[in-house]
Amino acid sequence: MSVQPSLGHLLGDWRWDPALSAVLVLAGGLYALGVIRLIRRSRSAWPYRRVICFAAGLLTIAIALQSGVDEIGDQELLSVHTAQHMLLVLLAPVLLLCGAPVRLALAAATRSTRKVLVAVLSTRLVGVLTRPLTGCVLFAAVMLATHSRLFFEAALDHPALHALEHAAYFWSGIVLLAPLIAADPLAHRPGPLARFGWLMAAMTAMAIPGALLTFADGVSYPFYLGPARALGRSALADEHLAGAIMWVGGGIAMFALAIALTFAAMLEEERRQLRRERYEPDSSEIAWRPGTARG
């Protein structure tokens, strides 16, 4: 008889990791402090939607790595493991970046701190990392390399490598999406069609391992044979479900994001053109523009 994990199992059985919990609390606290400081210093309102997005992003990471999703995905079902990866590589980065933490930091920082932040953002390393090509190549490399049988099963057997895998998913998502969402003032902000194209290229890289799992004739990761048998499930059927989550589910999410970002970029271009026609300054860059250091 097939056994399905309930929502209570997935979102329950929390196992708190002290280091990760501390990082999440610190990130949330610094963000809240930035909002409070900005309001007190300049009486400028910070959009509630950005606060909600950032908080939801931190919660997504906590659910992916500390709830039952982590244990069931690591020990029992490949489909849950794949859903966990989608949370880390797509949902959490989108939510956190929509919170615009860099823009907030620049707006709320003191003059000396802002100069340091601007200096860091102006470095060649940050410039390379925020290029869409860099993000797309890194994302594709992570998605393809981590789904090889050798790496995947080694990560399941070695906690340090498994933690590295999770970090790779999260940061490759951040590097890919930061210049495309463009909520923060970064040097490289592609236009509407370019944003759509980069996301479609990334979607293809994600679809390849997803399709291979969906149409596999045999079990790709023998690690899950025993747990699936104990649950009364077919390991191969669960693997097909995992592939569909990555290929179909991830593809739909990527395509929806691409459409949303394309329209957002088109509206931004239209507003910028209207400002030019009215000889109005661009007020969207409230704290920093690439190549300048405002005091």
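**A helix and its buried side**

Helix α7, which spans residues 111-121, has Arg 114, Val 118 and Leu 121 as its buried residues. They lie on the same side of α7, because they cover an arc of only 60 degrees around the axis. Please keep in mind that this is a predicted model.

*Around helix α7*

- An α-helix has 3.6 residues a turn, so residues three or four places apart point the same way.
- Ser 112 and Val 116 are exposed residues on the face of α7 that is turned away from its buried side.
- The cover over the buried residues of α7 includes α2 (18-42), α6 (101-108) and α8 (124-129).

*Aromatic pairs*

- A pair of aromatic rings is described by the distance of the centres and the angle of the planes.
- The count of aromatic pairs comes to seven.
- One of them joins Trp 14 and Trp 16, a stacked pair with 5.0 Å centre to centre and 25 degrees between the planes.
- Trp 14 is partly exposed, at a relative accessible area of 29%, whereas Trp 16 counts as exposed at 59% relative accessibility.
- Phe 170 and Trp 171 make an edge-to-face pair, because their planes stand at 75 degrees, with the ring centres 5.0 Å apart; over 60 degrees counts as edge-to-face.
- Phe 170 counts as buried, with 13% relative accessibility, while Trp 171 counts as exposed, with 53%.

How values were computed:
Residues are numbered from 1 along each chain as its sequence is written. This is a predicted model: local features need pLDDT of at least 70, side-chain atom pairs count only at pLDDT 80 or more; totals for chains, interfaces and linings use all residues. Side-chain values use heavy atoms; hydrogens and water are left out. Rings of Phe, Tyr and Trp (its six-membered ring) pair if their centres lie within 6.5 Å; planes under 30 degrees apart count as stacked, over 60 as edge-to-face and the rest as tilted. Buried means under 20% relative accessible area, exposed over 50%, partly exposed in between (1.4 Å probe, protein chains only). Helices (H or I, at least four residues) and strands (E, at least two) are DSSP runs, numbered from the N terminus. The arc is that of the directions from the helix axis to the C-beta atoms. Contact means heavy atoms within 4.5 Å.
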